[in-house]
Every structure is written in structure tokens, then in C-alpha cells.
Amino acid sequence: MNKKINQLTIIFLALGAFVTGTAEFVVSGILELISFEMGVSISLTGQLITIYSLSYAFGALFLVMLTSKFNRKKVLLYAILTFIVGNFVAFLSYNFLMLMLSRIIMGMSGGLYIVVATNYAATIASPEKKGSAMATVITGFTVSLVLGVPIGTFLAGYLDWHYIFLIIALGTILLLMGLSKLLPIIKGNPSLPMKQQIKIIKDKRILTGLMTTITWILGYTLVFAYVAPLLSSTANFTIEMTSIALFVLGSFAFIGSRFGGYAVDRWGPNQTITISLMVHIFALFLLNFTQYSTIGVFITFALWGIATWTTTPAKQYYLVSLKPQSSEIVLSFNTALMNIGMMLGSALGGVIIKYMNIVSLSWIAGLFVVTALIFIRYSFILEKK
């Protein structure tokens, strides 16, 4: 019975990852609507993703460290409660500054939640299922791309976009009630001094692995953050067509996240990460030519989604395997830097849109993923030595 309760708890933890992921990226599909209502440019509206990612990184790194001594159940529940407040602020926002504030609240609480939730899942799972439990929580995040973002984008075609955040808030209240009953109490641990934490990432294998995280997700976000204006200007997509394209991308992202775990067990992280990054690069360079065609966009998005999210569990597995005794710290740094990469991607995308042509996004993004491939190959060489 205890096993079944733990499995249900892990599913609920994954649902938490789902709502934080939806809140982060749903803005991508409704950028133009927010831009029009708030009276700001598309490039400035894109910074809503930038500020969320920066706040998420802060939560994943510093708030995790600051709260490490406290009861983990209380930390997790307060993080969800704060996230709900952030969504209500977004729902009530009547100007751009208030909307920005809501993104900071959501981002910081979401970053704290994802690290504590992933570690919670690993702690309550049986020893042979720890990796699978962590992957389930990560899958919750990728499912937000499959369902949350395209559904939110689709609803924005029929409802005022503010109501998307109200729906997220109400759904998260139900989640909070479920987790408050299901979560076992886990005591906090004394936090490692910052000097010891920095020592871990001074390991060149870890450092180059983390640089892979930044450049890989930067390349992905550079296009993803501005997918709605990109497709409307190149393929003349309506908001409904954009939601379908995002559904295709998200569906294959989900397949990729599940396949990534299977591929690591079968072929190891070296081959899995290398091949998935190569396919990712190919998809982004291909998009430079296919972004003008509906069928071309759908096929390229399928390839792009599966490649990008096959990398995710494989890379986390690789980083944790380098320092298994410090897995939470490594995971915390990886999550924080992943969101810094997202922040840089959305910020740089805004600059490209302002000073260059929006159609240039995909090939510039491809160059960043090439850099990620170089970093991880160097990390593998160091690991062999």
C-alpha cells in the first residue's frame, strides 16, 4: 500500500512540474496578444520569459540553499502556495509592471519547487526506482509543452488571456490540497557551505557539462520564446495554427523525454546526448528553410521536439553520475543554469527581432547548440581520462 501511495505522490509532484512549466512557457504562444493589450513591443513582451527564467534560476539555487535546513514538506507546500499567489497577480494585472511582478513570484517559487520535488521523488522511491522517479517529475515539465502551452494558446483565441492564469491558479489549489495529504515529512539537512558547493562545479567534467546545459537550452529558447510571431510572419499562422504546431512540438518532446531515459539505459549517456544534440542542430538549420511551409513546420517541429528533450534526462543522468554523493547540489546547479540559458535565449531573441530579421532566429539558435555539442564532447573526453 505504501508503494502505491509513494507512486501517487510522485505523480502529484510531476503535476506540480506540469503547472510550473505551463506558467513559464504559455506566454510564448500569446506574446502578440499581451503585446497588443499592454501597448509594448514584442521584444519587450518576450522579456516576461526572461524574468521568469532568471527568477526560476534564483529559486532553484539560492532559495534551495536558504531553505535546506527546514522541513521539506513545509518548504514544498509554501512554494506551491506562493506560486498560486503569483498566478492570481498575473490574472489581476492591468499593466506590464504588475505582470512582470507576477512572473518574478511564479518563477522564484517554481524554481524552488522543481528542485525540492525532484529530490523528494528520489527520496521516497525505492533504490532501484530513484532514476525513474526523478524522470517522472521531469516528464511533468515536458508534458506542459505537450498539453499546457498549446491548450493555453488555443484558449487565448476564445478567452481573455488573463483567465489562463486564473485556470492555472485554481488547478494548483487542488494540487496543493492533494500534496498536503500525500507527502511524508522529510527533515531538512544542514546546507553545504558555498565553498564546498563551488568545489563540486570546479570539476572540469561537471563545469563543461553545465556549459552544455546553458548553450543547449539557449539555442532551444531562442526560437521557442518567439515561436508565435515567427510562424505568423513566415507561414502566416493564426493563433489556432500556432497552438497545433506547439502541440506537435510538445507531443514529440514528451516522446523524447521518455525515450531519453530508455536510451541512457540501453546505450549510455555519451551516445544518447551526442546523437540527440546532432539531430537538434540539424532540425534548427532545417527550420531556416521549412519555416515558410505548414507541413515543413510540423515535420521540423516533430524532429526538434524529440531531439531536444531526449537530451534532458540523459544529461541529468550523466551529471549526477559524476557526483552521486552530491546529486541534489548538481541538480540544483543544472536547474538554475538551465533557466539562465532560457533567460539568455529569450533576451537575445528579443535583440535579434529588434535589430535583425526574425527569420534569422533558427540558424543562430543552431550555432549555440553546436557549441553545446563541443562542450559535452570535451566533458566526455575528460571523463574517459
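The elements giving two or more residues to the side of domain 1 that touches domain 2 are α1 (2-29), α2 (31-38), α3 (42-45), α4 (47-66), α6 (96-124) and α7 (130-155); helices are DSSP runs (H or I, at least four residues), numbered from the N terminus. I noted α7 as the largest share of that side, with 15 residues.

This is a predicted model, in which local features need pLDDT of at least 70 and side-chain atom pairs count only at pLDDT 80 or more, while totals for chains, interfaces and linings use all residues. Residues are numbered from 1 along each chain as its sequence is written, and side-chain values use heavy atoms, with hydrogens and water left out.

I looked up the bounds: domain 1 is 1-191 and domain 2 is 193-384, taken from an automatic or database domain assignment. Their C-alpha centres lie 20 Å apart.

I then turned to T310, in helix α13 (residues 294-322). T310 counts as buried because its relative accessibility is 5%, the cut-off being under 20% relative accessible area (1.4 Å probe, protein chains only). Its side chain reaches the backbone oxygen of I306 at 2.6 Å. Leaving aside neighbours within four places in sequence, I found T310 in contact (heavy atoms within 4.5 Å) with G256, S257, F259, G260, T272 and S276.

Conventions
Buried means under 20% relative accessible area, exposed over 50%, partly exposed in between (1.4 Å probe, protein chains only). A polar contact is a pair of N or O atoms within 3.5 Å; within protein, one must be able to donate a hydrogen and the other to accept it, and residues adjacent in sequence count only if both atoms are side-chain atoms.
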